[in-house]
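Open the model in your viewer and keep the selection tool at hand. We will go from stop to stop, picking out a few residues each time.

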Amino acid sequence: MVWQKANFRIQSCLSRFEQLKPPFESADYRAWKLRFLRDRLKLGLWLAFICLLTFIVRDTYDAVFHLEEMAKLPQSLKNLFPLINGVMAVSLLTCLVLLKTRWGKRHPNVIFLSLSWSITLVPQIIMTLWGFPCPELLSWSLVFLTQATLIPVRWWLHLLSQLGAIGYYLTVYPLLGLTTTFDGESIYSSSVFLYLFWFCLICDLAVYLYERLQRTEFESQRELQVFMNTVTHDLRTPVMGASMVLQSLLKTSDERITVNRYMLERMLQGSDRQMSLLNSLLEAHSCDVHSFLLQRESIHLQPFLQATLTEMEPLLAKSQVSVTNKIRDDLPPIQVDPVQIGRVFNNLISNAIKHNPPGIHLTLDAKVEGKSLRCSVQDDGVGMTFQQSRQLFDLYAKGRRARYLPGLGLGLHLCKQIITAHGGRMGVNSAPNAGATFWFTVPLASTGCDRPLI
């Protein structure tokens, strides 16, 4: 027992580190993000190429008609513009060609960085070879902003592209002694550093928030599709069974048909199951919109829970579940709706049985916390990860083994709605292979809290 408790604490601590991991991404979402990145890269490359053409036209016009705004630039610097523009054009066209190849489709991250550095890093390298520092803040801002607008996925990729260009600016120039422009002004200042820091931070933050919103919407749509498939399957099965029985009966030539009792029982079970699923579905959605009309009473938890366990004795015996009831008789009474709280305990115990192998051990406990009573249902089953725990109370969420079990995954969502209606809180502490502890709080009778809450 001591080893189990120590192992549970270790697993609980390790599960905390899962909070530092990136949010869960399904394989479908990763595939969508890859397609999105490839499509937007193609658009970004064409836009960058067209933008480069406009600057080539400007430089050509200046070579013929001498623009006033570029008159201060030394001729030696202007002579580099055709070389820089040519290298950038070749680099962008190469990215376009590679993007259509099998290699490019598998490595869009490399194409993304090549696109960004073709504009922000290539000019710096070429001008460094001729002794000119080139911190083009305007072109950098245009590139970073365009990336964040057109390709708002993989924020770390945006950050890496920014670090490549700015890192060259902060390290190579000082090492080579290129710290002033052609007119003697320093290329470094606190204003420049602050501008680059905040501009890049805002771009990366925008990409991160958009991607998180898109991931949430994508997963919601995916869960809705799974739910629709589950509803279709769970409601269609009893209907098909009843239909087959009726068709079999109609094939007899007798005018009066005698129905076997077993057939009637199966048809009745199927009808009850359909009604239960439909009622659960309607109740789950109505609880999100309307308030629970609670019929609160002052009750003592120990005898109330003992009666609930007595009713569930056949289910517990069938699954070989042992129960330890640590709830004391001297606990103060609670002000709750007995029917709804009974549903919560029934659902938590039933869930522990359904999602664990036979022979588990349940521990029921309760203790006073301020003006509330904290109740817990603990099992020593398979447990779950932090990510699963975080999504467990969402609508239509189902456990790992639930794919093999009937139902829509509404139970825990309803439980949390009931506890919230009582003004309490609900949660779960768990770790893989270390069991799970579901807990919730309800008000003590002395608080006088008797109003229905949403």
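A salt bridge here is a side-chain nitrogen of Lys or Arg within 4 Å of a carboxyl oxygen of Asp or Glu. This is a predicted model, in which local features need pLDDT of at least 70 and side-chain atom pairs count only at pLDDT 80 or more, while totals for chains, interfaces and linings use all residues. Residues are numbered from 1 along each chain as its sequence is written, and side-chain values use heavy atoms, with hydrogens and water left out.

**Stop one: a charged pair.** Select K33 and E211, whose side chains form a salt bridge at 2.9 Å, N to O. K33 belongs to helix 2 and E211 to helix 10 (residues 190–250), so the pair links parts of the chain 178 residues apart; helices are DSSP runs (H or I, at least four residues) numbered from the N terminus. Five salt bridges turn up in a search of the whole structure.

**Stop two: helix 2 with helix 8.** Now select residues 27–65, which are helix 2; against helix 8 they pack at about 145°, with the axes 10 Å apart (axes are lines fitted to C-alpha atoms, for helices over the stretch in contact, and angles run from 0 to 180 degrees between N-to-C directions). Which residues of helix 2 meet helix 8? They are F36, R40, L43, G44, L47 and C51, and they touch L142, T146, T149 and L150, where contact means heavy atoms within 4.5 Å.

**Stop three: helix 14 with helix 16.** Select residues 338–354 (helix 14) and 411–421 (helix 16), which also pack at about 145° with axes 10 Å apart.

Select W130, found in the loop between helix 7 and helix 8 (137–150).

Conventions
Helix = DSSP H or I, 4+ residues; strand = E, 2+ residues; numbered from the N terminus.
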